[in-house]
Amino acid sequence: MTENLKIAVSVSGLSKTYNNGLIALNDISLDIMKGEILALLGSNGAGKTTLISIICGIVNPTYGVVKVGGYNVIYQYRDARRLVGLVPQELSLESFETVFDTIKFSRGLFGKPRDNCYLERTLRQLSLWDKRNTPVLELSGGMKRRVLIAKALSHEPRVLFLDEPTAGVDVQLRKDMWKIVRCLRETGVTVILTTHYIEEAELIADRIGVIDKGKLLLLDDKSVLMKKMGKKELQIDLQVPIDVIPNSILKYNIKLTDDHESLIYTYEKNSDRLGISKLLGDLAAAGVILKDVSTRQTSLEEIFVDLVGEKK
Ligand SMILES: Nc1ncnc2c1ncn2[C@@H]1O[C@H](COP(=O)(O)OP(=O)(O)O)[C@@H](O)[C@H]1O
Ligand SMILES: [Mg+2]
């Protein structure tokens, strides 16, 4: 069978049951395309780290087939592993080695020829160049995280995994990280990040997958997702607060705010706009005087809550 050359990672029928019987992944299939930024969104315990760990060959699947660059992550482990870089969720760096030696060693592990220029560039991008001769052990938590990123990039991976990259990370590192991610994409590198911050997925991703309880609930282009599932809200501020919603407008999907000063009308983005003008007409007929009207697009956050049925 010929491989689709545009696919960076293919996951098919993947399930994982841990030894204690816990089902962490349940029949997941997805293709991740070369050069895309995919955000895997899900609450704690959803299965994100398990999925990433299997793709990186750290955890064995129970069922299913996973390939990176066409290489099976189990039967062609070394070839597959060479293509991926992983920035783990947990800090796992307590080396006496210097920053530079750490990433040089890491590159060597993957059998890549020496390229100190590349390593220097990577360290500079991460503002680590000044620390190149400092033992990793002596660095602050934020700096260690930067070293983990440099390590993951040391062998010029074609697919980079960032597992909860911004949890507990300062603003500057977050900015640096997004800059690097965008640069990487320009060179055709695929970036997969997990997050439980919706804003983050909204900001950086080309496609978003939502994982909950080991299932991939949906996977779509960010814009398609927003369009398909987006609802809009019309906020109607009232000149004079009202006690109850007039009978004549109860048929609309409308709520009175707690302060009784506004009405919120929710409607499907793609449905016709006739509803709004009718509503406004009915309001005027009921003697409700308006002060202001504004619309708002439902955020990905609300889409997520709708799907997963849980407030975050
Ligand atoms: N080594 C393990 N043994 C048993 N259960 C595990 C192990 N690792 C993770 N789990 C469980 O699998 C589920 C998914 O975990 P994880 O993949 O870490 O989720 P996420 O990264 O989305 O928070 C959780 O219920 C977690 O407790
Ligand atoms: Mg995790």
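Colleague: Where is the place of Glu-164 in the chain?

Modeller: Glu-164 sits in the loop between strand E7 (159-163) and helix H6 (171-186); helices (H or I, at least four residues) and strands (E, at least two) are DSSP runs numbered from the N terminus. This is a predicted model, in which local features need pLDDT of at least 70 and side-chain atom pairs pLDDT 80 or more, while totals for chains, interfaces and linings use all residues. Residues are numbered from 1 along each chain as its sequence is written, chains are lettered from A and ligands numbered from 1 in the order written, and side-chain values use heavy atoms without hydrogens or water.

Colleague: What is the phi of Glu-164?

Modeller: Glu-164 has a positive phi of about 50 degrees, although it is not a glycine. Asp-27, also not a glycine, has a positive phi near 55 degrees, and Asp-27 lies in strand E2 (residues 23-33).

Colleague: What makes Gly-45 a polar contact of ligand 1?

Modeller: A polar contact is a pair of N or O atoms within 3.5 Å; within protein, one must be able to donate a hydrogen and the other to accept it, and residues adjacent in sequence count only if both atoms are side-chain atoms. A polar backbone atom of Gly-45 is 2.7 Å from an oxygen atom of ligand 1, so the pair qualifies. A backbone N or O atom of Lys-48 is 2.8 Å from a ligand oxygen, and a side-chain N or O atom of Thr-50 is 2.5 Å from one.

Colleague: Which helix gives the most to the shell around ligand 1?

Modeller: Helix H1 (residues 48-55) does, with three residues. By class, the shell has four nonpolar, seven polar and one charged residues, where Ala, Val, Leu, Ile, Met, Phe, Trp, Tyr, Cys and Pro count as nonpolar, Asp, Glu, Lys and Arg as charged, and the others, Gly among them, as polar.

Colleague: Why are H3 and H4 called oblique to each other?

Modeller: The axes of H3 (residues 99-109) and H4 (residues 116-125) come within 11 Å and cross at roughly 125 degrees; axes are lines fitted to C-alpha atoms, for helices over the stretch in contact, and angles run from 0 to 180 degrees between N-to-C directions. Under 35 degrees is roughly parallel, over 145 roughly antiparallel, 65 to 115 roughly perpendicular, and the rest oblique. H3 and H4 are therefore oblique.

Colleague: What makes H3 roughly parallel to H5?

Modeller: The axes of H3 and H5 (residues 141-153) cross at roughly 30 degrees and come within 8 Å, which means H3 is roughly parallel to H5.
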